[in-house]
Amino acid sequence: MAEGKTESPGPKKRGPYISSITSRSVNLMIRGVVLFFIGVFLALVLNLLQIQRNVTLFPPDVIASIFSSAWWVPPCCGTASAVIGLLYPCIDRHLGEPHKFKREWSSVMRCVAVFVGINHASAKVDFDNNIQLSLTLAALSIGLWWTFDRSRSGFGLGVGIAFLATLVTQLLVYNGVYQYTSPDFLYVRSWLPCIFFAGGITMGNIGRQLAMK
């Protein structure tokens with residue numbers, strides 16, 4: 001009597017572009033490198049918007065251009081992006097609630113576009129006062145989370161990231177590393193937490209997509 005063939009399960013896919021990598025450590029490293037370079041690229045683009053708006057003022061002896069000055073900003077943003085992008089799927093697995101909301105690259109790209117748009121609004125749109133600007137960006141950032149995430153873990157991590165990033169920024173400004181024009185909240189701009197929150201959600205979505213099985 002012929003025995004039925006039983007197909008052995010293949011290796012688990014860990015991402016849309018690195019699904020053939022079965023080693024967890026190698027897979028993690030590749031995703032981290034990808035997230036790092038995405039963070040560096042976004043940092044250069046968004047920082048250029050802020051400089052054009054004259055929101056960020058680096059010391060003249062430190063900065064001559066966006067690429068030659070403040071060399072530490074893009075690497076720091078890239079490192080933070082890698083940590084955030086790897087942390088989000090890790091938290092999802094730990095909580096036993098895999099993120100399955102709109103998990104496709106087109107949605108991720110739209111999320112990135114909205115994030116860049118929020119930064120563009122903070123740099124280009126004129127508001128009557130900083131309170132109005134902060135409330136508007138807060139609404140846009142929460143709208144970004146609701147549209148592309150809607151997870152409690154994503155919201156909690158976004159708030160935590162916003163708090164820590166704002167605190168670090170305050171320490172850097174306080175120590176004279178760089179400064180903001182017309183700071184209105186403990187040496188920095190009051191709308192920065194909204195930008196950091198939206199950035200955390202965006203990098204989290206990218207990291208989740210890269211880790212998709």
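Contact here means heavy atoms within 4.5 Å. The model is a predicted one, where local features need pLDDT of at least 70, side-chain atom pairs count only at pLDDT 80 or more, and totals for chains, interfaces and linings use all residues. Residues are numbered from 1 along each chain as its sequence is written, and side-chain values use heavy atoms, with hydrogens and water left out.

**Exercise 1.** Find out which residues S134 touches, and whether S134 is buried or exposed.

Step 1: S134 lies in helix α4; helices are DSSP runs of H or I with at least four residues, numbered from the N terminus.

Step 2: List its partners. Leaving out residues up to four places away in sequence, S134 touches S190, W191 and C194.

Step 3: Check the surface. S134 has a relative accessible area of 13%, so it is buried (buried is under 20%, exposed over 50%, partly exposed in between, with a 1.4 Å probe and protein chains only).

**Exercise 2.** Describe how α4 and α6 pack.

Step 1: Two packed helices are described by the angle between their axes and the distance between the axes.

Step 2: Get the numbers. Helix α4 (residues 130-148) and helix α6 (residues 192-210) have axes 9 Å apart, at an angle of about 15°. Axes are lines fitted to C-alpha atoms over the stretch in contact, and angles run from 0 to 180 degrees between N-to-C directions.

Step 3: Name the arrangement. α4 and α6 are therefore roughly parallel (under 35 degrees; over 145 is roughly antiparallel, 65 to 115 roughly perpendicular, and the rest oblique).

Step 4: Look at the residues. In α4, the ones meeting α6 include L137, I142 and W145, while the α6 side includes F197 and I201. The contact of α4 with α6 has 11 nonpolar residues, 4 polar and no charged (nonpolar: Ala, Val, Leu, Ile, Met, Phe, Trp, Tyr, Cys and Pro; charged: Asp, Glu, Lys and Arg; polar: the others, Gly among them).

Technical notes:
Helix = DSSP H or I, 4+ residues; strand = E, 2+ residues; numbered from the N terminus.
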